[in-house]
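Biologist: I am new to this structure. Could you take me through the chains and the way they meet?

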Amino acid sequence: MDTLTKATNLVLKGAKLTGANSNVSGPIENGIAPACRALIAPIEMATGIQAYFCGKPNPLMMRTGLNMLGCHSAEAVMVGDRMDTDVISGMESGMSTVLVLSGCSTKDTLKTYAYLPTMVLNGVGDIASMAKAKEE
Amino acid sequence: MPEEHFYTSALATATFLKEQAAGCSAFVIGEADLLNALYDVGITMNDVNPDYVVVGEG
């Protein structure tokens, strides 16, 4: 609480508010813990200032990654287990997208979004078996 | 696999701050990976009058 109060007053004095990612919660041993998006919310509410988030789903992170790889978006694939961060950021950056069902998404998850991944796989292991099948 | 094959939201935040305001200062709420990423691009820690408040994981 002291840290949040400190941060709130620093933002009111002119510091710009930035969040690393927009995750609301993350898994811990006995349940979930509030993550970045949830931790920054009290500072936003108290100051009336909206934070800027650098990580997914901000396409900035995808574009920087592509630059580091020296790769065009049309030649890149974004693989992830979340529609609201992984697939959307890949799609909005012009990449092909793969949703894997080995994390927090199921086939039913797809029904609630207006966009689709290019491909749905059970897990990243499927990528290796598909590549191997193509070689043979 | 070497660490340069990983690009995290902490590294994306560090890159963003370096490009927006090289040499800026920050008050950081987060874990070691975020602090290290910010140190590595030359951002200094400041809890009096920082340019940015940066939040990672608690």
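Modeller: What follows goes from the conventions to each chain, then to the contact and the cores. This is a predicted model, in which local features need pLDDT of at least 70, side-chain atom pairs count only at pLDDT 80 or more, and totals for chains, interfaces and linings use all residues. Residues are numbered from 1 along each chain as its sequence is written, while chains are lettered from A and ligands numbered from 1 in the order in which they are written.

Biologist: What is the mean pLDDT of chain A?

Modeller: The mean is 93, and 100% of the residues of chain A reach 70 or more; pLDDT is the predictor's confidence in each residue, from 0 to 100.

Biologist: And where in chain A is confidence lowest?

Modeller: Confidence is lowest in strand β2 (residues 25–28) of chain A, at a mean of 84, and highest in β1(A), at 98.

Biologist: How many helices and strands does chain A have?

Modeller: Chain A has five helices and seven strands. These are DSSP runs numbered from the N terminus, with helices (H or I) of at least four residues and strands (E) of at least two.

Biologist: What radius of gyration does chain A have?

Modeller: Chain A has 18 Å, whereas a compact globule of 136 residues would have a value near 14 Å. The radius is taken over C-alpha atoms, and the globule rule is 2.2 Å times the number of residues to the power 0.38. The C-alpha atoms of chain A fill a box of roughly 60 × 40 × 25 Å along the principal axes.

Biologist: Now chain B: in what order do its elements run?

Modeller: From the N terminus, the order in chain B is α-β-α-β-β. With 58 residues, a compact globule would have a radius of gyration near 10 Å, and the 11 Å of chain B agrees with this.

Biologist: What share of chain B is buried?

Modeller: Of its 58 residues, 43% count as buried, that is, 20 or more other C-beta atoms, placed from the backbone, lie within 10 Å of the residue's own. In chain A, buried residues make up 31% of the 136 residues.

Biologist: Which strand of chain B pairs with β1(A)?

Modeller: Strand β3 (residues 52–55) of chain B pairs with β1(A) in the parallel sense over four bridges; strands pair if DSSP finds at least two bridges between them. In β3(B), L17(A) has V53(B) as its bridge partner, and G19(A) has V55(B).

Biologist: What else does β3(B) join?

Modeller: Four bridges join β3(B) to strand β1 (residues 25–29) of chain B, and these two run parallel. There, I29(B) stands opposite V55(B).

Biologist: Which way do the residues of β3(B) point?

Modeller: Y52(B) and V54(B) point one way, V53(B) and V55(B) the other way, and all are buried.

Biologist: Which residues have the most contacts inside the largest nonpolar core?

Modeller: They are L38(B), V53(B) and V55(B), in a core of 36 residues. A nonpolar core is a set of buried Ala, Val, Leu, Ile, Met, Phe, Trp, Tyr and Cys residues joined through C-beta atoms within 7 Å. The most residues, six, come from α1(B).

How values were computed. Buried ≥ 20, exposed ≤ 12 C-beta atoms within 10 Å, placed from the backbone.
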